[in-house]
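Open the model in your viewer and keep the selection panel at hand. The tour goes stop by stop.

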Amino acid sequence: MAFDPIQEDCHRLVLEALRRDNIPLTDAAAVERLMEQFTRNPAPLIVHDRDRAGHLIAKVVEAVDYRIPFIPDDTQAEQEEAAAENMLLEAAALDPANWDAQRMLTALTAESNEEYVQYLVSKCDEVEHDLALKIASAQDPYEREAAGDLMRRPYLRWLAALASRALISGRYRMSLEAANRSLDFAPNDPAGVRHTAMLAMAKLEYPAEELKRFRSAHSVPYLANTPLRRPKDAERDLDPWTLIALMSAAWRELDYEGAEHYLRILARSCPHAAEALYFQTEFPDGVYARVNVGVGSTDELVLALSEATPVLQEGLGAPDNASFAAWVATNDIVRSQIDERILRAAEQGLPFKGGDL
């Protein structure tokens, strides 16, 4: 569901090494040898400025998206973020055409989410045009190999960031348009932008039938990530973004029985689901792309709930008063599971810690 920056760095550097030495793409032994070199020490594979820029981005992602959010010490976190920003400045200087570097640098330095959204909008057509030129000018087998997938990913990340950040800023039609633009370009949806589209459609008050039609229209990525089950079991395999959107549609129409139906599926979907639904922890957006989480895991539900914050804050009054979020957190389906966990922990003489959240 998410892009792997280390894997992409390896793919890019190996492809460049094959091209430099004129080694056929079909030489499996050479590819394996180069991949082993990357694992041991990638430095010998970094020759050009663009190689260095790409490698720096992989290091930044590891820090910003996967390490810094979990550092409890604010001073250390700020130091690491400053170091990451310096690496991005270097990457952007080494390769001005590296759109990942430009976008991530703006994400870290923009004064507000709205400023970041405006930047993404202003440059989106330029990123698309630059990609089209690169694909059209791919001459040798190595460039054509990259043009088939690797070259396209920065543009997909750009659209995914635009869809996600437009949702946060309340520009739901813009979010949905960016998601559809991405899905038209890459129907297999490696960026998982379909999930953001579901949340944007929920905010735009699309009825449940429209949400289901959207899934059918973009069935390729959904089917690729769903185990085969009998039709009557199909709802058990719905991803949490879809379930939240469908639950929202039912709740908005005062169909509380229907909303509880989807809430019940969510509450049974993964370990510690009840705690995730109760606490609704907000997790920072990935700067590179949506962070990697296991399908069907508690982490996936936490991430989906965090991204669904604009949907969960639907309702009358303040977000914590008579809102959709409060209805979810205080529903008997959620509370009964938490009470059961508390009782079980007490029986074992253990403190209840809210799972692994």
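Helices here are DSSP runs (H or I, at least four residues), numbered from the N terminus. This is a predicted model: local features need pLDDT of at least 70, side-chain atom pairs count only at pLDDT 80 or more, and totals for chains, interfaces and linings use all residues. Residues are numbered from 1 along each chain as its sequence is written, and side-chain values use heavy atoms, without hydrogens and water.

Select helix H5 (residues 99-109). Arg103 and Asp100 sit there, 3 residues apart, about one turn of the helix. Their side chains meet in a salt bridge (3.2 Å, N to O); the term means a side-chain nitrogen of Lys or Arg within 4 Å of a carboxyl oxygen of Asp or Glu. Both Arg103 and Asp100 are buried (under 20% relative accessible area; exposed is over 50%, partly exposed in between; 1.4 Å probe, protein chains only).

Next, Arg153 and Asp149. Their closest N and O atoms are 2.9 Å apart, in another salt bridge. Arg153 is buried at 16%, while Asp149 is partly exposed at 32%. Shared partners join Glu8, Asp100, Arg103, Asp149, Arg153 and Arg157 into one salt-bridge network.

Move to helix H1 (residues 5-20). Asp9 and Arg12 are 3 residues apart in it, and their side chains form a salt bridge (3.3 Å, N to O). Asp9 is buried, at 1%; Arg12 is partly exposed, at 24%.

Last, select Glu314, in the loop between helix H17 (309-312) and helix H18 (324-330). Glu314 is buried, with a relative accessible area of 19%.

Conventions: Helices (H or I, at least four residues) and strands (E, at least two) are DSSP runs, numbered from the N terminus.
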